[in-house]
Amino acid sequence: MTKSAKIALAMKKLLNGIVEFRHKVLPQYREKFAKLALGQNPDTLFITCSDSRVAPNWFASTDPGDLFVIRNVGNLIPSCGEDGHSIADESEAAAIEFAILKLNVTDIIVCGHSDCGAMHALLAGREQIDAPHLRAWLRHGEASLTKLAPDKPGLSRVNQLSQLNVLQQLNHLKSYPIVRERVATNKLKLHGWWFELSAPNVYSYDETTGKFVVIDEKEAQRISSTLSQ
């Protein structure tokens with residue numbers, strides 16, 4: 001198949017999907033979207049990777065309007081400087097401010113995933129990347145490399161780094177004064193999640209054990225019990 005034929009096939013798939021949405025999905029959600037047109041009121045800011053295999057609305061069974069989402073390569077959040085401004089461009093910082101100040105979200109989730117291309121690139125070394133913007137962007141994940149230990153049993157180095165990166169980005173979030181203030185007054189909670197593609201399973205970081213735990217019924221109940229504390 002030629003390159004142009006592949007492009008045409010991909011676009012046809014999207015167009016057919018829109019037509020299917022109009023006929024099969026929209027009738028059930030017409031009232032929902034009519035309300036959403038008047039404004040959004042999500043409870044959660046969800047920060048995840050741009051990877052096409054990561055679909056939070058699918059694995060969390062959420063509806064339109066439930067999540068305010070930041071997606072970028074490697075689910076990275078540039079730190080905030082001492083002057084209260086992001087050390088990088090304003091995009092992620094602006095979304096954080098909007099989510100907290102305008103939407104008043106109560107939870108922020110940073111969700112990494114297995115076999116992450118950004119983590120593979122960090123392991124190989126940023127200097128090996130030809131694309132200048134990608135090479136520069138991944139500097140926000142390099143702090144995670146310093147915490148990488150020898151392989152854990154059953155966990156590859158790229159997946160170990162991906163989990164460490166979730167925790168590192170949570171630390172970056174805490175560098176924002178507005179985040180620290182809301183966390184300190186118990187108006188905001190931070191969560192670290194990790195999506196395993198092959199299972200698929202979603203894991204949550206448990207600070208008491210220092211481990212990522214599969215979110216099953218028991219773990220969901222444990223997390224829920226901490227939300228009101």
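**Reading a predicted fold**

Me: Asn 104 is partly exposed, with a relative accessible area of 48%. What does partly exposed mean?

Reply: Buried is under 20% relative accessible area, exposed is over 50%, and partly exposed lies in between (1.4 Å probe, protein chains only). The structure is a predicted model, in which local features need pLDDT of at least 70 and side-chain atom pairs pLDDT 80 or more, while totals for chains, interfaces and linings use all residues. Residues are numbered from 1 along each chain as its sequence is written, and side-chain values use heavy atoms, without hydrogens or water.

Me: Where is Asn 104 placed, and what is its phi?

Reply: Most residues other than glycine have a negative phi. Asn 104, in the loop between helix H3 (91-102) and strand S3 (107-113), has a positive phi near 55°. Asn 186 also has a positive phi, of about 60°. Asn 186 lies in the loop between helix H8 (177-184) and strand S4, and counts as partly exposed because its relative accessibility is 42%. Helices (H or I, at least four residues) and strands (E, at least two) are DSSP runs numbered from the N terminus.

Me: Which peptide bond is cis?

Reply: Most peptide bonds are trans. The bond from Ala 199 to Pro 200 is cis, with omega near -15°. Pro 200 belongs to the loop between S4 and S5.

Me: How many helices and strands does the protein have, and what is its radius of gyration?

Reply: The protein has 9 helices and 6 strands. The radius of gyration is taken over C-alpha atoms, and the globule rule is 2.2 Å times the number of residues to the power 0.38. For 229 residues a compact globule would be near 17 Å, so the 19 Å of the protein agrees. The C-alpha trace spans about 50 × 50 × 40 Å along its principal axes, and 39% of the 229 residues count as buried.

Me: Is Ser 162 buried or exposed, and which residues does it touch?

Reply: Ser 162 counts as buried because its relative accessibility is 2%. Contact means heavy atoms within 4.5 Å. Leaving out residues up to four places away in sequence, Ser 162, a residue of helix H7, touches Gly 112, His 113, Cys 116, Met 119 and Trp 194. Over the protein, 60% of the contacts with a separation of 6 or more join residues 24 or more positions apart.

Me: Where is Ile 215, and which residues is it in contact with?

Reply: Ile 215 sits in the loop between strand S6 (211-214) and H9, and is partly exposed at 26% relative accessible area. Beyond neighbours within four places in sequence, the contacts of Ile 215 are Trp 193, Val 202, Tyr 203, Ser 204, Ala 220 and Ile 223. The C-alpha atoms of Ile 215 and Tyr 205, 10 residues apart along the chain, are separated by 9.6 Å.

Me: What is the volume of the largest pocket, and which residues are closest to its centre?

Reply: On a 1 Å grid over the protein atoms alone, a pocket is an open set of points where a 1.4 Å probe fits, with protein on both sides within 12 Å along at least five of seven lines; lining residues have an atom within 4 Å of a point. The volume of the largest pocket is about 600 Å³. Its lining has 23 residues, of which Leu 190, His 191, Tyr 205, Glu 207 and Thr 226 are the closest to its centre. The elements giving two or more residues to this lining are helix H7 (157-173), strand S4 (189-196), strand S5 (201-206) and helix H9 (217-226).

Note on methods
Grid points are joined across faces, edges and corners, and a volume is the space filled by probe spheres set on the points.
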